[in-house]
Amino acid sequence: MAVTLAAVGDVTRRRFAAMGRPALVASAVVAGALAVLAIIGPWIAPYDPDATDVLSSGQGPSARHLLGTDSLGRDILSRALAGARLSFAGPAVIVLISTVLGTALAIFSAWHGGWVDRMANRFLNVMFSVPGILVAVLSSAVFGAGFWAPVLALGVVYTPYMARAVRSVAIRERHQGYVESLQLAGMSSWRIGFRHLAPNVMPIVVAQGTYGFGTALADFAAVSFIGLGVQPPQAEWGVMVSDGRSELLDGALQQSLVAGTLIVVTVIAFNVLGAQLSTRSGGRR
Amino acid sequence: MKNSAPRREATSRNGTVRRFVTTILGAVATILAASLVIFAGLSVAPGDPVAQLLGAKATDQARANLRQDLGLDDPFLERYWHWLTGALHGDFGVSLTSRQDVTALIGPRLATTFLLVAMAALLVVLLGIGLGVIGGVGARGRAVVSALVGLGIAVPSFVAANALIGVFAVKLGWFPTYGSGDGFADRIWHLTLPAVALSIGYGAYVSQLTSAAVAEESEKEYVVTARGRGVPSGIVLRHHTLRNAIMPVLTASGLAVAGLVAGTVVVEQIFAIDGIGALLIRSITSKDYPVVTAVSLIIVIVFVLVTTVIDLIQVALDPRERAKS
C-alpha cells in the first residue's frame, strides 16, 4: 500500500524531473527568491501589517496600496510580505523534524537489516496510512490551536516519506566496501553512521526535503485556514485566504487571489526543484 | 514435472488466503491502535467535561455524581475499554455541548459527507482517467496534460474553493456560496462547487498516474507489434493498453477516494456544509471531545477500509502480488 501511495508521488516527480535544466534553474530562482522574501519580508513591508484603517478598507490596487486593502483596511501587500515568514517557518520546522526522525530511522534500520529493518518497514507502512490533515487537526485539539501543534504533528506525519527515500540509498551505501573497511579498522557503528553514512545520504535528504517543503507548506496553510493553526490577526498566507473568504461575498477577490497565488507558486517551485534535485542526487529516478 | 502444476496452484491459493488474512488483521490492528492513540490523546486534552455539562453553578454533590456516572475517575484502561465496547455497539457517548447522543449527531451528517465524497470521487475518476488517457497516448496531449497536472497538484483545496466561490457563486451566480441544501437535487447543486474543489488535487494525481501507466504500456513490444500489424489504434487502446494499465489506475483512484474523506475536514468548513468534517472542527473548537473522538475514529476507519479493499483487489487480480507473501 505504502509503496503504491508513494509511487503516485514518484510519477509526478519523474515528470517534473524530465523537464531538464531550464526547469532546475527557474525553480531554484523562484524558490530562492521566495525564501529570501520569507526572511526579509516583514522588514520591507511598506505598512504595519496589523495596522487597521477603517476609512480605507476594501480598496482596489492603487499607488498608495499596490495590492489594495482588506476589509479592515490593512495593506494586503504588507500582510503578504510579513506573512511569508510564518508561512515558511511552519514547513521549515516540519521538514526539519521529519528529516531528523526519518534519516535516523532509515540509517538505523538499514544498518541492522534483518528483522529490525522489517519491523521498521511495517511501522512506516502503518504511518503512511494515517491521514495527515486529521492528525494535524487532532494535535491542535490536544495541544491547543497555534503554530506548534500542527507543525509538530505534520513533522511526524512526513517522517515516513523521508525515511523511505533515505532507506533505499542507505541500504546501498551500507554494503559499500568503505563501510566494511572502516568496521575492520575498528570504528564504532555510531561513528560510521554519523560521519560517513549520513553525509553520503545527504543529497537524497536535500531532494526529498525540498519536495516535501512544498506539500508541507500547503498542509500547514490549510490548518491555519480552518482556524486551528496560526491565529489571526497574525499574518500568514492560510489565515489570509481565510480572511479573504468572507470578503469574497462582497465581490472583493484581491486578498484570496494574492495569498492563494503565493501558495500555489511556492508549492510548484519547491515541487519542481525537489524533483530536479532528486534525479541529480543519484537516488531513485 | 507432472505434479508441479497442481502443487503450484495450491501454494498460490494458500498464498492468496494468507495475504487476505494478514491484510485484514493488519487493518484491524491499525484501527485499534488508532483508536487507542486518539482516545489517550484526547483524554489528556485540556477541558473539564463536568463543568461543560453542568455549568458553573452546579453543587459539589452533582459534580461528584456526574464524575461517577461518566467514569472519569476510573483507571485509563478501564475507561478506554468501556468506551471501546460502547463504540462497538454504536454508542459513542453524549455530546458535551448539545447533550445529544453522539451517534444521533453523526448519522445524518455522515450521509451528507458521503454524498460529497461520492461526487468528488466520480469527478476524480472521470477527469483523472480521461485526462490520463489523453496524456498517455499522444505527445501533444502529454504536454498539455502535464502542465494541467503540475498546476492541479499544487492547488490546495481551500485555495481552489475561494477561486470557485469568487467566480461561479459570486460573479456568475450559478451556484450557492455555502450550505448543504434540502432535498436531493438541491443538495447536488449545493455540493457541486465543494466537490470540484475537493477533486482537483486528487484528479491531477490520478491523471498523472494513468498517463504514465498508459504511456509505459504503449511502448511495450506487444502493443507496437499490434499496431505494426495494422490493428486499429482504438482497438489496441481498449483491448490491450488500457487493460494492462488498469492496476495502477485502480490503486491511485482508490487512494484518492481515501484522501477525499480526510479532505472533507477542510472543504466542508469553507462551504459551511453540515457534514462530519465540519462537525469535527466545530467540536474541537468547543472542546466536545466525545464527538471529536467518534468522528476521528470514523474517518480513520473509512480511510483504512478503502486502502485495505484496494490491497485485497490487488492480491485477487495480480498473481505477482500473491507471490509477495
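Modeller: A crossing of two helices is called right-handed if the near helix is turned clockwise from the far one by less than a right angle, and left-handed if anticlockwise. The model shown here is predicted, and in it the crossing of H3(A) and H9(A) is right-handed.

Colleague: At roughly what angle do the axes of H3(A) and H9(A) cross?

Modeller: Two packed helices are described by the angle between their axes and by the distance between those axes. For helix H3 (residues 76–112) of chain A and H9(A), the crossing is at roughly 145 degrees, and the axes come within 7 Å. The residues of this contact comprise 14 nonpolar, nine polar and no charged.

Colleague: How many helices and strands does chain A have?

Modeller: Chain A has 11 helices and zero strands. Its C-alpha trace spans about 75 × 45 × 35 Å along the principal axes. Of its 285 residues, 52% count as buried. Among contacts in chain A with a separation of 6 or more, 73% are between residues 24 or more positions apart.

Colleague: How many residues does the contact take from chain A and from chain B?

Modeller: An interface is often sized by the accessible area lost when the parts come together. Counted by residues, the contact takes 38 from chain A and 42 from chain B. On the side of chain A, the elements giving two or more residues are helix H1 (2–17), helix H5 (132–143), helix H9 (189–225), helix H10 (237–248) and helix H11 (254–280). By class, that side has 27 nonpolar, nine polar and two charged residues.

Technical notes. Residues numbered from 1 in each chain as written. Chains lettered and ligands numbered in written order. Predicted model: local features only at pLDDT ≥ 70, side-chain atom pairs only at ≥ 80, totals over all residues. Helix = DSSP H or I, 4+ residues; strand = E, 2+ residues; numbered from the N terminus. Buried ≥ 20, exposed ≤ 12 C-beta atoms within 10 Å, placed from the backbone. Contact = placed C-beta atoms within 7 Å. Nonpolar A, V, L, I, M, F, W, Y, C, P; charged D, E, K, R; others polar. Axes fitted to C-alpha atoms, helices over the stretch in contact; angles between N-to-C directions.
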